[in-house]
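Welcome! Please take a moment to look over the sequence and the structure below before reading on.

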Amino acid sequence: MTSIFITYKKLKLVQIIVVVYSEGVFMDEEIKIFRCRICGDPYIGTEAPSRCPFCGAQTKYLIEAANWDPSEFDIEVSEKSQMNLEKALDLEINNSGFYECAMDKAKAAGDEYYIAKFKALKKIEFEHASAICKFLKLSPPSLPAILCSDAPEGNTKEGWCREKRAIESYSQFKREATEPRLKEFFGALVEIETDHLNLHASKL
Ligand SMILES: [Fe+2]
Ligand SMILES: [Fe+2]
């Protein structure tokens, strides 16, 4: 009786191994956790993506989670940088509200390319606002209602102008920052908004 039971257990084990292999559960690739030094969000994958899926930061800012420094957003901020962070927050919240309007117009028109584009931009700009709030020790504000064009082409043009203004502002804030961490942060935002500028430019 005991030997029948052991044989049955062995059979079950073989069945489990066959299922595990056939479903591809065993993989060569190691699944890792990364963390973005610009927005602080974690990412699970085999390797760091070319851009942070949350804030759009370049891959150089994505580090393995075990190396994360919990004090990244806990820095002394000068009066000037405080003012510039507040201006940046205003700019990001406003742009996020604008892209929300553009996304809703694209939804009404049933245009899948522009729905995806404006949704991604809305989420990224809001992520920037959230990261700025971490430096300012504030809760992220709610999105304001911003007017936009009915046509995606009009919103692409307006988006291009908004990104250009953001790049100019963040370049100035980077120059004015005396804190190395804020220089890095504003520099990363310049790179991200340049991606957005180029994305709009490809459709102008
Ligand atoms: Fe990020
Ligand atoms: Fe942007």
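## The overall layout

What you have here is a predicted model. The protein contains 5 helices and 3 strands. If you follow the chain along its sequence, these elements come in the pattern α-β-β-β-α-α-α-α.

Of the 204 residues in the protein, 32% are buried. Contacts between residues at least 6 apart in sequence tell us about the fold too: 63% of them join residues at least 24 apart.

The 3 strands make an open sheet, ordered 2-1-3, with antiparallel pairing. Strand 2 and strand 3 (62-64) are at the edges, and each has a single partner strand, so one side of each lacks a neighbour in the sheet. From one strand to the next, the twist averages 35°.

Let us look at one pairing. Strand 1 (residues 32-36) and strand 2 (residues 42-45) run antiparallel and are joined by 4 bridges. Lys32 has Gly45 in strand 2 as its bridge partner, while Arg35 is partnered by Pro42 in strand 2. The hairpin of these two strands has 5 residues between them, and there Gly40 takes a positive phi near 85°.

Helix 4 covers residues 152-176, and its 25 residues should span 36 Å at 1.5 Å a residue; the C-alpha atoms at its ends are 35 Å apart, so the two values agree.

Which residues of helix 4 are buried? They are Pro152, Asn155, Thr156, Gly159, Arg162, Glu163, Ala166, Tyr170 and Phe173. In an α-helix there are 3.6 residues a turn, so residues three or four places apart point the same way. The cover over the buried residues of helix 4 includes helix 2 (79-109), helix 3 (112-136) and helix 5 (180-201).

## Two neighbours of helix 4

Packed helices are described by the angle between their axes and the distance between the axes. Helix 5 packs against helix 4 at an angle of about 160°, and their axes are 8 Å apart. The two helices are therefore roughly antiparallel to each other, and helix 4 passes helix 5 in a left-handed crossing. Residues of helix 4 that take part in this meeting include Trp160, Ile167 and Lys174, and those of helix 5 include Phe186, Val190 and Leu197.

Helix 2 packs with helix 4 at an angle of about 165°, with 11 Å between their axes. That angle makes helix 2 roughly antiparallel to helix 4, and the crossing of these two helices is left-handed. Among the residues that meet here are Ala88, Leu91 and Phe98 in helix 2, and Asn155, Arg162 and Phe173 in helix 4.

## A closer look at Tyr170

Is Tyr170 buried or exposed? A residue counts as buried when 20 or more other C-beta atoms lie within 10 Å of its own. Tyr170 has 25 other C-beta atoms within 10 Å, so it is buried.

Which residues is Tyr170 in contact with, leaving aside its neighbours within four places in sequence? They are Ala88, Phe186, Leu189, Val190 and Glu193. Ala88 is one of the residues of helix 2 that meet helix 4, whereas Leu189 is one of those in helix 5. Tyr170 and Leu189 are 19 residues apart in sequence, and their C-alpha atoms are 6.9 Å apart in space.

Note on methods. Residues numbered from 1 in each chain as written. Chains lettered and ligands numbered in written order. Predicted model: local features only at pLDDT ≥ 70, side-chain atom pairs only at ≥ 80, totals over all residues. Expected span 1.5 Å × (residues − 1). Buried ≥ 20, exposed ≤ 12 C-beta atoms within 10 Å, placed from the backbone. Contact = placed C-beta atoms within 7 Å. Pairing = 2+ DSSP bridges. Axes fitted to C-alpha atoms, helices over the stretch in contact; angles between N-to-C directions. Parallel < 35°, antiparallel > 145°, perpendicular 65-115°, else oblique. Left-handed = near helix turned anticlockwise from the far one by under 90°.
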